Every structure is written in structure tokens, then in C-alpha cells.
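These are my notebook entries on one protein chain. I set down each point in the order in which I looked it up.

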Amino acid sequence: MATIHKFQVLPYLPEKLKSLMKIASNMWWVWNFEAIELFRRIDVELWREVRHNPIRMLGLVPQRVLDEAAESESFLAHLERVERELDLHLARRSWFEESFPDCGDARIAYFSAEFGIHECLPMYSGGLGVLAGDHLKSSSELGLPLVGVGLMYRFGYFRQYLNKDGWQQEIYSEIDFHNIPASLVFSQDGRPLMISVEYPNGPVFAQIWKIQVGRIELFLLDANVDVNRQEDRSITEQLYGGDDEMRIRQEIMIGIGGVRALRAMNKRISVYHMNEGHAAFLALERARLAMEEQGLTFAEASEFVTATSVFTTHTPVPAGNDRFEPSLIETYFSHYFGRLGLTEEQFLSLGRENVEDRKEPFCMTVLALKMAAGCNGVSKLHGKVSRAMWNRIWPTVPVHEIPVGHITNGVQILSWTSDEMMRLFNRYMGPRWIDNPADDTIWKNIDLIPDSELWRCRERIREHLVTFARNRLREQLLARGMPMKLAERANSVLDPEALTIGFSRRFATYKRATLILRNIDRLERLLLDKERPMQIIFAGKAHPRDNMGKELIKHIVHIANEERFRDKVLFLEDYDINLARYLVQGVDVWLNTPVRPKEASGTSGMKAVPNGGVNISILDGWWDEAYNADNGWAIGKGEEYDDQGYQDEVESLSLYNILESEVKPAFYNRGVDGIPREWLKIIRESMKTICSHFNMNRMVKDYSNMYYSQAHKHHLRFSDERFAVTREVSRWKTEVAKKWDGISIGSVDFQGDRVITVGSKIVVKAEICLGELTPDDVLAELYFGALNSKDEIVEGVALPMIQMDKNDRGNFVYVGSVLCLISGQFGFTVRVLPHHEHNVRKFDPRLPLTWQ
């Protein structure tokens, strides 16, 4: 084969337009509509053709057009204004700096398998990636000292198209990395910076790409380099492609390779955040480095790693968590066991709920939960579900005390709000909603917007969606081989004035995309009502191996192809961020019908709200928190069923009733001026109650307050004086574990009557034998709460007991009290748990807990 000599051609820009490349190279433009409008002005048709990729567009736009722009005073003024805004964004003092002055040297690394920043970077599959992309955007707005770490997928996620029967087909299009807003990281010798990771067949090398997202740097590893074997180059080929072996190969690269990449770039990280379990191997790599560089044992290194790690789980069902057979772990990590000072079984136990079960697979979520002091689900309900799902890791701890909290997801509002609605907000709310979207007092000013202007804005946005949907449908029909005459029928589908419902998301079966289609006759009456018409737009992808999800898509397409529904039901192919943006901006109702409690959070419904969309949803995920009876509609009251068929029947009937008796009347009951004031009242209530809380700035602030700042303080304390605290805590835990069998709870005396009145206090005295341990090693607690029918304490409260003197038997006496404020049947017990002033979490899965 001939030798290929590589070179790169860059766009040529007139001197006056040089700053265009500066703006195009920073993904900040994604959430700045003035910057987007700047690129549209150059060539709006080309902008659409290149999927809104400014780097690609600047390389294709005719030189004549650039020269004309360079002579346009209006364009140059626009360019100067956008550049000034970018410079201000990068330079201004940030919320993080003002809120955490003692975290000036903090550095946070945010690891995720996918990042959905914009459609021109198609390296995301759905909600997890879009959330990660929004996390970076808001981190930039708030000035967090954060970098992102992931993989640079050469083929990204698949492009979707449907055959004539409606069956999903997949296309993998190679991404030209040199024509997207990304750049290689170079070493001091001018060559691409490389890292290597050990695999069974030898080292695999990866180069590093950088994507600038406002102030935030995102680093993505790319194994498609000449020095690698072909099978190794495929590691970063597809997102979520291949089998379990490909998955573990990718997760080794992101976790271990990601840590090595940060070190190769001299990024001194103090906090590591694992967004889902895909990157959990980073904890083992960090432990190995601490052992080799600081002389720590694995137990000691684990203390340091755990104290400085954060883990977010997004999966509410056990099957959704990556699990690898022990043989696969042995294949890929046998060389690693010795470097950590562990046997194979000790290594495998790190990823097992039951460490005694040698057949249990190695679970990435379990590894992350054990190796991170800060763990959370992504909604209040999901936190509860996660605590129950992972209680086997802490078998003696009550479920509600399992150390998995929650931070409810949010969305980066600027990325999803239409230009029309932004201008309306600016006019009546001022610019503060942009700088501080989490301030609920700002959103109360929604009431200042006149009904007529709010409704006209909603009508314009819906018209944009209908126009987009018609064009997309026509393209789909032509691509399927439809004659032009029939494809042109797409120009008349949908009614720009009709009540429009949107359903778009990943086509997993538990999301029940077809619930609204369950009773076709009932649906027909809803859709074809001439006085109050309704229409539905579907979009979404099924995983390539999920045939059940593909069947759902096929069923929808068959319904849409029926003559009676041809203008009322649409399925739009190739769901991506651009299509999602049109849908969340244009629909009147956002529909969400998952099987509770399988939706961890969901964020698409949040994106519809600032555009005036109203939610109808099962009370699951975020909607379980957001719904207040006036800001949308709930399907059911949070019931959970054993019979799936019965559940579908009940909840589909509830949905039809809501649409018929509540949604349609509110939307179509108009005043003499044609304005639906009842509908606008719901829109306002939705915006006022949802926008301020369910946004990404609030979410990132929560992570900063609850986890990042704490983990950074742990980093400083645990690494100080050559890791003295790390060694001390590890040594203490080892001693406590050895001596814990000497702990026992003797007599427990209840001073007072068995029947008392509200406002009374009970005093409890317990005799506790500590064996070889001291009172400084333990925490004695009075565990108190209401009793159920089985005389079990339900979600009890733990109150500390005070240590008194020793008794004549050499045991310690502890005293605690409870003030009884409500009536009912209550109970208490006593427990003892290990305690150390430097413990970073109350319950350590490696330490015991003794109950009376």
C-alpha cells in the first residue's frame, strides 16, 4: 500500500473575520443565540446543510461570501458584540470563586461515557450524554474548575432511518474530527500527546482531543492511531457498540486511560466525579498510583480515593448496570491484581454486593458505590429506589439510611429555549434570568407578560415545528423511495393551530411509547375531532440490539400510515439534539409514560417548560417532585402494579380521560380575542414552579455544595503531611474490624411508663461492652420510630447517646432520650457503629454494625 503523507487545510478568513474561528472553536456559541445568529447570517442554507457545524461551514463557504461579510459594517458590529460577550464570559468573576474562596486550588474531573453538547458532535445516545453536556455548560457559567473526560468515538452513535415497513435501520457515519470544534493535544515536542493502557495483547495507545466548552475543557481519548492494532483502534469506534468484551475494553480506556491522560497533561485533580459506572475503573487506577508514588497499601489508598470521589447512578433497574463475568475480569486485570496487592478474589469482591458469592459477576456500579464517599441518584424517587436496590452492600443498615443521596437533574435552559421565547423573557424579565436561572423570584415575573404576547409566541413556535416536521417527513419519504407526488403530501400534514403532543426519547420498552395508542377508537375520536383537533409527533431511537424497542417504532409507523391518521400522527426519524430542540420548543404537551419507578429522572419534559410546553406524565422521576396539580397533569397517583397489562389499561384510560376532559377544554376554550387564558394560566404556573428549580445551574450548585467542595476538603486533609490522615484512618479501620467481635449491647433500661402523652420524653440507658475498643472508636445511637403491623421500625431516626461512666462490670453506660411529639405506636432499639473524626461517610461497607 502507498505511503500516505498527512496535512490539514484550514479555512482562510479575511483579517477582519479572524475572530470567527475563535468563536467557532469554543462551544460557548451553542447556548448563545446571538452567536448562532452570527453564523446563520453568513449562509443560512449552508448552516443547515452542515448540521450547524461552524468549523465545517467556514471551510465550505465561498470566499466571495466571506469577503462580503468582511465589508459589512452590520456584520462586523455583530461579530464584535459576540466576541465581547465570549471574552466577558471567560473573564468575569464566577459564582464558584465567590461561594468557595477556600477551594481556589480545587480541580474537578467529570468522567462520562458520552457528552451531548450539540448535534455537530454526535457522540451521545440520549439523556445521559445530553445531561453531561449540559453539566459542562452550566459549570462554565458558574465558573467551576472542572474538566470533562470521555472517549472520542469515530462513528459516534448510529444514524437512524426506517425501511418501508417501519423497521429501524442503522447507519454509522465516520466523523471528520478535523472539521468539528475539536483540536488535538500536543506534547512539548510538537507531536500529538499519547497515553497507553495495558490490555491482554499489549499496550493500547490513545491520543487526546480537546473540545472547549466555554471555560471548561473536555478531553476525549481516541485509540484510532497508527501504532495500534486494528482491533485496538476499534475501542473508540462506536458508542455502546459491540458485546461485553468491547464494553469492558472501552471502560478500561475511559477509566484508566482517562486518569493517565489527565496526568500526562499535568492536570492536578483533587475531585473525581463518575457520571454513571462506566468510568469506575478510574478508582483502581488512582489507588495504584497512590500506592506506587506514596508508598500506601491498597487499604490506605482506597481511603484516599473514596474520600475524593463522587458517583452518580442513573439506572433504577438492576439489569441496566454493567456487569462482567469473573473470567472477563481475569482476562483484562490479571496483571493488575498484583500491582494493587490483591488476590483475584479480593479484586472481584470490590465489584460484588455479596463478597462471599464467588459466582456473582463484577458490577461497575458496585465498584463505584464502594469507592466513592459521595453517591447520589438523580431524583428524590430515584434516590429512594437506589437505596433499596443496593442495600445488600450495607446489609445491616436500614434501607433509608443507605448512603446514596439524590440531586435531581436539571437542564441548561439557554440551550433549549427558543429565540422567540428568549426575547419575550428579556423584554419582561430582564437579563437576570440568563445569569441566575435558579432564582425563583425572577420567574414570578412571568406574570408580567401579556396574554396576547405569550400566546402569539407559542403559536409562532408551533408553526416552526410544523414546518420543520413537514420538511423532515418529506425527506424521509423520498429516502424510502416514495414517488415525489406522494412525498409532497408531507406539505399538508399537521395543523399549525392544533393541540400538538410530543413524545421523543430512547425507545426502551419501559418508557411505553405506544401507551397512547392502546385504544385506537378512543384515540381516533381525540385526533379527528373537527372542533378540537389533536396531533402527535413521535421521535426516538431503539438500541440496535433492542428488537422490542424497534417493534414499538414499527407499530407507531403503521398507525401513522393509516389513511385516517396520516395527517395526525408522525414519526420523525434520526432523533438528535436538533430534532429534540424543535420538539421541546414547539409542542403544547410533552407526554411521558414510563413504568414507575423505572425512570430515574428524565429531563426532556423540563426542556419543554421554558418554551411554554406543559407536561402530562406518570408520577415518576423528576415529575414526582415537580407536579403540584396546577402546573400540568399526572397520570395516576404514583401507583405501582404487578400486572403490566392491567397497569397499561388503567393508565391509558387515565390518559385519555385527562386529554378529553381537561387538556382539550383548557386549550380550546378561547375568549373573544381567541386567547386560551386557562391554558396560559397553566403555562405560567409551570414556568414559575419548574424553571427555577429544574435547571442545570441549580443542579451544578447542588453538586458543588454537597459533594465537590467536601471532596476537595477531604483531598487536602487526607493528602497532607504525606497522607498521614489517610494512613491513620486505614490503620484504625483495620484495628476496629479485628476487635469488633468484642462489642456487645447488654441491658437496656427504659425509664418511664409504657403509655405516655404527646410532649413527654423517654430516657433510655444502655450497658455496652466495648471489649478492646474505647468510646472514641464508637458511636452509640438510640434508633427510634413508628412501628408497622409487624412491629418493625419504619424509617427510624438515629439519635446519639451520651457516654457516662463505667459500671462495676467494666462496661460503659450510655444514655439517650427522645421527645415524643406525635401520638401512635412507637419503638426503639440501640445500635453501635464504628466512629472516627476523619470518617468521610457514616456507614462503610467494610465495617460492621451491631444492633441490640
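**Entry 1: an aspartate in a helix**

Is Asp 232 buried or exposed? I worked from a predicted model, and there I found Asp 232 buried, because its relative accessible area is 2% and the cut-off for buried is under 20%. I then located Asp 232 in helix H9, which covers residues 230–233. Leaving aside residues up to four places away in sequence, I noted that Asp 232 touches Val 204, Ala 223 and Arg 249.

**Entry 2: the chain as a whole**

I next turned to the overall dimensions.

For secondary structure, I listed 30 helices and 28 strands in the chain. I also looked up burial, and 58% of the 852 residues count as buried. The accessible surface comes to about 34,900 Å², and carbon and sulfur atoms account for 49% of that surface.

How many of the contacts between residues at least 6 apart in sequence join residues at least 24 apart? I noted a share of 73% for the chain. Finally, I compared the charges: the chain has 103 positive and 118 negative ones, and their mean positions lie 2 Å apart.

**Entry 3: cysteines**

How many disulfides does the structure hold? I recorded zero.

Cys 103 is buried, with a relative accessible area of 2%. Cys 120 is buried as well, at 7%.

**Entry 4: backbone details**

Which residues does a cis peptide bond join, with omega of about 5 degrees? I found this bond between Arg 596 and Pro 597. Pro 597 sits in the loop that runs between strand E18 (589–592) and helix H26 (604–608).

I then looked up phi for two aspartates. Asp 574 has phi near 60 degrees, a positive value in a residue other than glycine. I placed Asp 574 in the loop between strand E17 (569–572) and helix H25 (577–586). Asp 574 is buried, since its relative accessible area is 9%.

Asp 791 also has a positive phi, near 60 degrees, and is likewise a residue other than glycine. Its loop lies between strand E23 (778–786) and strand E24 (797–800). Is Asp 791 buried or exposed? I recorded Asp 791 as exposed, because its relative accessible area is 58% and the cut-off for exposed is over 50%.

**Entry 5: a valine in a loop**

Where is Val 755 found? I located Val 755 in the loop between strand E21 (744–751) and strand E22 (761–769). Its relative accessibility is 71%, so Val 755 counts as exposed. I also looked up its separation from Ile 793: Val 755 and Ile 793 are 38 residues apart in sequence, and their C-alpha atoms are 18 Å apart in space.

Key:
Residues numbered from 1 in each chain as written. Predicted model: local features only at pLDDT ≥ 70, side-chain atom pairs only at ≥ 80, totals over all residues. Heavy atoms only, no water. Disulfide = S-S within 2.5 Å. Buried < 20%, exposed > 50% of the residue type's maximum accessible area, 1.4 Å probe, protein only. Helix = DSSP H or I, 4+ residues; strand = E, 2+ residues; numbered from the N terminus. Contact = heavy atoms within 4.5 Å. Areas by Shrake-Rupley, 256 points an atom, 1.4 Å probe, with all protein chains shown as cover. Lys, Arg positive; Asp, Glu negative; His and termini not counted. Charge placed at Lys NZ, Arg CZ, Asp CG, Glu CD.
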